Amino acid sequence: MAENGTDCDQRRIGMIKEQHNGSFTDPSLVSERKRRDREERLNIVLWRQPLITLQYFLLETLINLKEWTIKLWHRRSILVSFLLLLAALTATYYIEGIHQQYVRYMEKKFFWCAYWVGLGILSSVGLGTGLHTFLLYLGPHIASVTLAAYECNSVNFPEPPYPDQIICPEEEGVEGSITLWTIISKVRLEACMWGAGTAIGELPPYFMARAARLSGAEPDDEEYQEFEEMLEHAEAAQDFASRAKLAVQNLVQKVGFFGILACASIPNPLFDLAGITCGHFLVPFWTFFGATLIGKAIIKMHIQKLFVIITFSKHIVEQMVSLIGAVPSIGPSLQKPFQEYLEAQRIKLHHRPDSGVPQGESWLSWMFEKLVIVMVCYFILSIINSMAQSYAKRLQQKMYSEEKTK
């Protein structure tokens with residue numbers, strides 16, 4: 001027993017020496033130190049350590065700018081070609097001629113598509129809160145077009161930006177001429193551009209996992225760490241969430257292109273795991289992105305469009321308002337603001353200048369604007385915190401390397 005105790009003491013002393021020298025051979029010590037470092041980085045946020053967070057953010061920004069400058073210099077031929085193309089497009093834009101009508105048309109379409117692609121990318125990152133821009137922008141836009149199509153009996157609205165103001169055309173359409181396919185065709189461009197943006201937004205998890213697999217590094221990403229833990233304990237998974245994640249991982253890994261397409265074609269909160277899986281198992285880029293783009297921009301978007309259009313079709317809306325009014329006691333009071341809002345929309349669609357807009361619309365718009373502002377501010381704060389934490393990780397890694405060289 002005494003000899004065993006002496007051996008344990010000697011092993012403990014050896015582990016302490018290894019820890020002091022920065023050489024961690026005990027996995028438990030390594031994981032414990034990583035956990036402490038991660039907790040230390042997570043505390044670097046603006047509302048806890050504002051000065052340090054801002055300082056680290058600025059330093060990380062300078063480092064990133066330096067790295068991007070070096071990368072651009074190494075690819076200076078591509079950069080020069082891009083600048084020449086930009087100069088040619090700028091000259092075409094400002095030189096007068098017959099081509100200006102086509103330039104204006106292309107400009108309008110370009111910014112219109114870029115607007116929805118940008119919203120799609122923001123939807124993938126959730127604006128830092130997990131809330132999708134489909135609920136804030138594309139869904140209401142499709143609903144507005146649907147309501148206007150049935151009210152105007154036409155979809156010949158003015159060209160974008162008609163989400164800000166949809167006005168019925170002067171020539172009235174024929175009653176019953178609006179079909180489901182007519183409305184789908186009207187909103188197809190913006191819906192597909194938004195879906196393409198969501199596909200682009202799925203690329204960061206893919207590239208992060210791919211780079212980690214090729215380099216052997218361990219990125220400071222909770223989802224990737226959760227993915228690695230899931231692979232380690234795959235056989236012991238018991239709860240529904242773990243089994244669902246494993247099912248997505250197995251589908252993507254074994255079926256390949258069509259597995260990715262299936263996951264991307266339905267509303268799937270676990271699709272980030274598909275991107276990480278594809279990156280980790282080195283699935284070719286165009287296999288992953290091609291399946292994701294087809295699934296999200298074509299198949300999934302048509303499913304979502306159909307749902308919104310059917311929900312906001314004229315007879316469905318009238319039935320919903322009638323059902324609200326049938327609720328005992330509070331029904332009529334709840335029904336009134338909905339009726340006022342729908343009436344305000346009808347007045348606005350027919351553009352009657354002599355008719356006032358009910359006050360209920362102003363507070364609804366005010367609430368929506370403030371919600372978007374709060375979300376954008378939170379998104380900016382999350383970027384600052386994330387970059388500050390990235391710089392803190394650089395400092396920790398530098399300290400590790402210095403300890404190993406001692």
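**Cysteines, helix packing and annotated spans in a predicted model**

The count of disulfides comes to zero. The model is a predicted one. Cysteine 263 takes part in no disulfide. The nearest cysteine sulfur belongs to cysteine 278 and is 8.5 Å away, whereas a disulfide requires two cysteine sulfur atoms within 2.5 Å. Cysteine 263 is also buried, because its relative accessible area is 5%, and the cut-off for burial is under 20%. Cysteine 113 is buried as well, with a relative accessible area of 17%.

The protein chain holds 17 helices and zero strands. Of its 406 residues, 33% count as buried. Among contacts in the protein chain with a separation of 6 or more, 69% join residues 24 or more positions apart.

An unreviewed UniProt entry annotates several spans as "transmembrane region". Two of the spans were examined for secondary structure. Residues 77-95 are 95% helix and 0% strand. The end C-alpha atoms of residues 77-95 are 27 Å apart. Residues 306-327 are 82% helix, again with 0% strand. For residues 306-327, the end C-alpha atoms lie 28 Å apart.

Helix packing was then examined for one pair. Two packed helices are described by the angle between their axes and the distance between the axes. Helix α8 spans residues 188-201, and helix α14 spans residues 285-311. Their axes are 8 Å apart, at an angle of about 140°. Angles over 145 degrees count as roughly antiparallel; α8 and α14 are therefore oblique to each other. The crossing of α8 past α14 is right-handed. On the α8 side, the contact is made by Arg188, Ala191, Cys192, Trp194, Gly195, Ala196, Thr198, Ala199 and Ile200. On the α14 side, the contributing residues are Phe289, Thr292, Leu293, Lys296, Ala297, Met301, His302, Gln304 and Lys305.

The phi of asparagine 153 is near 55°, a positive value in a residue other than glycine. Most residues other than glycine have a negative phi. Asparagine 153 counts as buried, because its relative accessibility is 14%.

Methods. Residues are numbered from 1 along each chain as its sequence is written. This is a predicted model: local features need pLDDT of at least 70, side-chain atom pairs count only at pLDDT 80 or more; totals for chains, interfaces and linings use all residues. Side-chain values use heavy atoms; hydrogens and water are left out. UniProt positions are given in the numbering used here, feature names are shortened, and annotations may be inferred rather than shown by experiment. Helices (H or I, at least four residues) and strands (E, at least two) are DSSP runs, numbered from the N terminus. Buried means under 20% relative accessible area, exposed over 50%, partly exposed in between (1.4 Å probe, protein chains only). Axes are lines fitted to C-alpha atoms, for helices over the stretch in contact, and angles run from 0 to 180 degrees between N-to-C directions. Angles under 35 degrees count as roughly parallel, over 145 as roughly antiparallel, 65 to 115 as roughly perpendicular and the rest as oblique. A crossing is left-handed if the near helix is turned anticlockwise from the far one by less than a right angle, and right-handed if clockwise. Contact means heavy atoms within 4.5 Å.
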